[in-house]
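Please keep the viewer open as you read.

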Amino acid sequence: MIRKRSRIESRRVLFIIRHRPHQGFSLLELVLVLGIIAIFAAIAMPRYGAATSRYRADLAARRVVQDIALAQTRARAQGAAQSIRIRQDADEIVIFSAVGLDPQTSEYTTKIWDSPYGADIIQSEFDGNNYLIFDGWGMPDSGGYAILWVGSEKRTINVDPNTGKATIE
């Protein structure tokens, strides 16, 4: 048998239905949250760009140091001269050797302007030219430096004239 509701019970059910908490967000709440996110993004973007430039400058400088160390190590290992040329016009580093690193050629090229480095070689000098030659003992013919530029970041790579060790400033 179906029981009939009293008038008080009916009012109680209507009250509960009408005063149920709303689900979802209002338009004002959504606009406020989006505004806060936009402010944080506006603050973070310049910092992100600067951090990316620092990272790429450090990466490019370490690559130049590694290429110089590679030429020096190969000179010692082969007992033959190795030369490295830092080309400003093409933003690349070329290692020349009698025995090539690549079987098809006697040179090894690093394009420092290409991804992931994105660097420009703005200046390089090794005893008046842009060549650095390591003899069969791995000793350099001169010292010198190269300057890289990425975004607003600058890195200088110095080569010690006595040891041939490259360092980043």
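At 63% relative accessibility, Asp127 counts as exposed, because the cut-off for that class is over 50%. Please keep in mind that this is a predicted model. Asp127 sits in the loop between S4 and S5, and its phi is positive, at about 55°, although it is not a glycine.

What kind of charge does the surface patch with Asp127 carry? The patch is negative, and Glu125, Asp135 and Asp141 gather there with Asp127. Of these, Asp141 belongs to the loop between strand S5 (131-134) and strand S6 (144-150). Asp141 has 47% relative accessibility and therefore counts as partly exposed.

Is Asp91 buried or exposed? Asp91 is buried, because its relative accessible area is 12%, and its place is in the loop between S1 and S2. The loop between strand S1 (82-87) and strand S2 (92-97) also holds Ala90, which is partly exposed at 22% relative accessibility. Ala90 and Asp120 are 30 residues apart in sequence, while their C-alpha atoms are 8.8 Å apart in space.

| Residue | Relative accessibility | Class |
|---|---|---|
| Asp127 | 63% | exposed |
| Asp141 | 47% | partly exposed |
| Ala90 | 22% | partly exposed |
| Asp91 | 12% | buried |

Another backbone detail to look up is the peptide bond from Ser115 to Pro116, which is cis, with omega near 10°. Pro116 lies in the loop between strand S3 (107-111) and strand S4 (120-126).

S6 and S7 pair in the antiparallel sense over 7 bridges, and Leu148 has Arg155 in S7 as its bridge partner. The two strands form a hairpin with 2 residues between them, and Gly151 in the turn has a positive phi of about 60°.

How many bridges join S7 to strand S8 (residues 166-168)? There are 3, again in an antiparallel pairing, and Asn158 has Thr167 in S8 as its bridge partner. S7 and S8 form a hairpin too, with 6 residues between them, and Gly164 in that turn has a positive phi of about 85°. Strand S7 (residues 153-159), which takes part in both hairpins, is mostly covered, with 5 of its 7 residues buried.

How values were computed:
Residues are numbered from 1 along each chain as its sequence is written. This is a predicted model: local features need pLDDT of at least 70, side-chain atom pairs count only at pLDDT 80 or more; totals for chains, interfaces and linings use all residues. Side-chain values use heavy atoms; hydrogens and water are left out. Patches are made of residues with over 30% relative accessible area and no salt bridge: like charges are joined within 9 Å, nonpolar side chains (Val, Leu, Ile, Met, Phe, Trp, Tyr) within 5 Å. Accessible areas come from the Shrake-Rupley method with a 1.4 Å probe; for residues, only the protein chains shown count as cover. A salt bridge is a side-chain nitrogen of Lys or Arg within 4 Å of a carboxyl oxygen of Asp or Glu. Lys and Arg count as positive and Asp and Glu as negative; His and the chain ends are not counted. The place of a charge is taken as NZ of Lys, CZ of Arg, CG of Asp or CD of Glu. Helices (H or I, at least four residues) and strands (E, at least two) are DSSP runs, numbered from the N terminus. Buried means under 20% relative accessible area, exposed over 50%, partly exposed in between (1.4 Å probe, protein chains only). Two strands pair if DSSP finds at least two bridges between them.
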